[in-house]
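Hi there,

Here is the structure I promised to pass on to you. Have a look at it first, and then read my notes below.

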Amino acid sequence: MATTHLLARAVIRRQDRVLVVRADGQSHTFLPGGHVEDGEGLEECLRRELREELGVASTVGAYRGVVEHRWRRDGTPQYELNHCFATEASALTDTAPTAEEAYLSFEWASADALGTVKLQPAPLRRLLHPDADASEPWWASTVDEHDDERSPGS
């Protein structure tokens, strides 16, 4: 049985760039944010995660959408729902922020080159592209009923 992860993710933009984060030892990046704790709402989770990861206050804005993702960690199936919100953190500058947690590093990635930093889940690369339709919340999935061999780097 797959381990299920409920996540709140921040879409923080500066001009044509999106803030992404990488954990030590990982080849891929992901959006800032993290796991919802017991009794916590998505927006509350996102504000807490940004305080913990970046040491900044944030304003959670419009709901952008969700991406479901299935992958394996050390052979064990994983399933996650990434709920994404437009988010503002005015304390962040145009330079790459310093992480409050030593195993994380942040960078501003060009929104039209998110494949270069291997943003995961991969559908986010298309959904966050500057030419993507932002008029309605989006839905995307890496789940294919015949393929549960995906990994975070695929």
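A word on terms before the findings: two strands count as paired if DSSP finds at least two bridges between them. Helices (H or I, at least four residues) and strands (E, at least two) are DSSP runs, numbered from the N terminus.

This is a predicted model, in which local features need pLDDT of at least 70, side-chain atom pairs count only at pLDDT 80 or more, and totals for chains, interfaces and linings use all residues. Residues are numbered from 1 along each chain as its sequence is written, and side-chain values use heavy atoms, with hydrogens and water left out.

Now for the sheet. Strands of a sheet pair through backbone hydrogen bonds, either parallel or antiparallel. Here, three strands form an open sheet in the order β2-β3-β7, and their pairing is antiparallel. At the edges are β2 (13–14) and β7 (104–110), each pairing on one side only. Two bridges link β2 to β3 (residues 17–23), and R13 has V18 in β3 as its bridge partner.

Next, some backbone angles. Most residues other than glycine have a negative phi, and most peptide bonds are trans. D74, in the loop between β5 (59–73) and β6 (76–88), has a positive phi near 50°.

Which loop holds K118? K118 lies between β7 and α2, with a positive phi of about 55°, and is partly exposed at 37%. P121 is also in the loop between β7 and α2 (123–127), and a cis peptide bond with omega about -10° joins Q120 to P121.

Enjoy exploring!

Notes. Buried < 20%, exposed > 50% of the residue type's maximum accessible area, 1.4 Å probe, protein only.
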